[in-house]
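Q: I have just opened this one and I am new to it. Could you walk me through it?

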Amino acid sequence: MARIKPKQLLIQSKTKKAPSRISYPTIITWNLIVVLVVLSLYATYRHWHQRSAQDIEMDLHQAELAVRPDDSKMTSRPGYAVMNTGKGPITIEIYKDASADVVDRFINLCKSNHFKGMPFRRIIKNFVIQGGDFDFDGAAQEWITKAKASGKNDLRPKHEAFMIGTAKNPNNEGFDLFITTAPIPDLIDKLVVFGRVIKGEDIVQEIEEVDTDEHYKPKTPIGIMNIILKQEP
């Protein structure tokens with residue numbers, strides 16, 4: 001093999017290309033790309049981290065709502081009541097447009113179990129059933145006894161049977177509760193009607209058949225066990 005002379009080696013070394021240097025714009029460009037990639041990864045991490053946190057918060061909120069009672073149901077006025085009697089349950093619809101004072105008082109007394117053990121004090125067949133804390137007298141008693149004995153008011157407008165009402169001049173220490181068992185001509189003159197029986201008319205009729213004395217007082221005690229308020233019938 002022929003030997004290369006030193007002079008030729010020197011020429012060849014000069015002719016070899018030196019490694020190319022990376023320009024500053026290229027370095028800056030790559031640095032920007034790296035920064036953008038890092039920022040993109042960080043933004044993606046933040047997005048999924050926040051989303052998972054929101055999902056967890058939403059799940060906790062839904063679980064809390066499932067356990068906690070509906071506030072609207074807690075604060076809204078009950079629309080129905082179940083009167084449990086010695087003969088069976090009677091479902092009452094509470095009128096939305098009835099006297100607010102009477103309805104509120106009735107609801108508060110139900111919540112305090114005021115009606116527990118309340119007796120039906122007078123039962124007049126084909127007329128009315130009356131329950132109360134005390135043996136009533138005055139206008140309500142006069143209305144019942146006179147209306148029962150007289151038929152002169154038959155031509156006046158009548159209300160349907162199975163209405164629920166209380167005396168217009170309520171006893172502050174108690175609450176008179178009336179259930180009509182027949183259309184009554186002067187009902188609104190004596191009572192504040194705040195509801196009607198929508199289920200359990202047969203129970204009302206069974207109570208109506210109880211034997212009474214000459215003063216319409218039941219010979220066998222019968223009364224209200226309790227009254228339970230409900231949002232739905």
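**The sheet and what packs on it**

A: An open sheet of eight strands runs in the order E3-E4-E6-E5-E7-E2-E1-E8, with antiparallel pairing; two strands pair if DSSP finds at least two bridges between them, and the labels are DSSP runs numbered from the N terminus, helices (H or I) having at least four residues and strands (E) at least two. Please keep in mind that this is a predicted model, in which local features need pLDDT of at least 70 and side-chain atom pairs count only at pLDDT 80 or more, while totals for chains, interfaces and linings use all residues. Residues are numbered from 1 along each chain as its sequence is written, and side-chain values use heavy atoms, with hydrogens and water left out.

Q: Which strands stand at the edges?
A: Those are E3 and E8, each of which has a single partner strand, so one side of each is left without a neighbour in the sheet.

Q: And how are neighbouring strands turned against each other?
A: On average they are turned by 25°, direction ignored; axes here are lines fitted to C-alpha atoms, for helices over the stretch in contact, and angles run from 0 to 180 degrees between N-to-C directions.

Q: Over how many bridges do E1 and E8 pair?
A: E1 and E8 pair over six bridges, in the antiparallel sense, and Thr85 has Ile224 in E8 as its bridge partner.

Q: What about E3, is it enclosed or open?
A: E3 is largely enclosed by the rest of the structure, because four of its five residues are buried, where buried means under 20% relative accessible area, exposed over 50%, and partly exposed in between (1.4 Å probe, protein chains only). Its antiparallel pairing with E4 runs over four bridges, and in E4 the bridge partner of Arg122 is Gln130.

Q: How many residues lie between E3 and E4?
A: There are three residues between them in a hairpin, and Asn126 in the turn has a positive phi of about 60° although Asn126 is not a glycine.

Q: Which other residue has a positive phi although it is not a glycine?
A: Phe162 has one, of about 65°, and Phe162 sits in the loop between helix H5 (139–149) and strand E5 (163–167). With a relative accessibility of 16%, Phe162 counts as buried.

Q: Switching to helices, which strands does H4 lie across?
A: H4 lies across E1, E2, E5, strand E6 (177–180), E7 and E8, and it runs at about 115° to E8. H7 also packs on the sheet, where it touches E1, E2, E3, E4, E6 and E7, and its direction makes about 120° with that of E2; contact means heavy atoms within 4.5 Å.

Q: Which residues of H4 are buried?
A: The buried residues of H4 are Val102, Val103, Phe106, Ile107, Leu109 and Cys110. Seen down the axis of H4, they fall within an arc of 165°, so they line one face of the helix; the arc is that of the directions from the helix axis to the C-beta atoms.

Q: Why would they line up like that?
A: As a general point, an α-helix has 3.6 residues a turn, so residues three or four places apart point the same way. The exposed residues on the other side of H4 are Asp101 and Lys111.

**Salt bridges**

Q: How many salt bridges does the structure hold?
A: It holds three, a salt bridge being a side-chain nitrogen of Lys or Arg within 4 Å of a carboxyl oxygen of Asp or Glu. One of them joins the side chains of Arg77 and Asp104 (3.1 Å, N to O), linking the loop between helix H3 (71–75) and strand E1 (80–85) with helix H4 (residues 100–111), 27 residues apart.

Q: Where are the partners of the Arg196 and Glu93 bridge?
A: Arg196 lies in strand E7 (residues 191–199) and Glu93 in strand E2 (residues 88–94), so the pair ties together parts that are 103 residues apart in sequence. Their side chains meet at 2.9 Å, N to O.

Q: And what of Glu209 and Lys125, how long is that bridge?
A: That salt bridge is 3.3 Å, N to O. Glu209 is partly exposed at 46% relative accessibility, and Lys125 is partly exposed too, with a relative accessible area of 41%.
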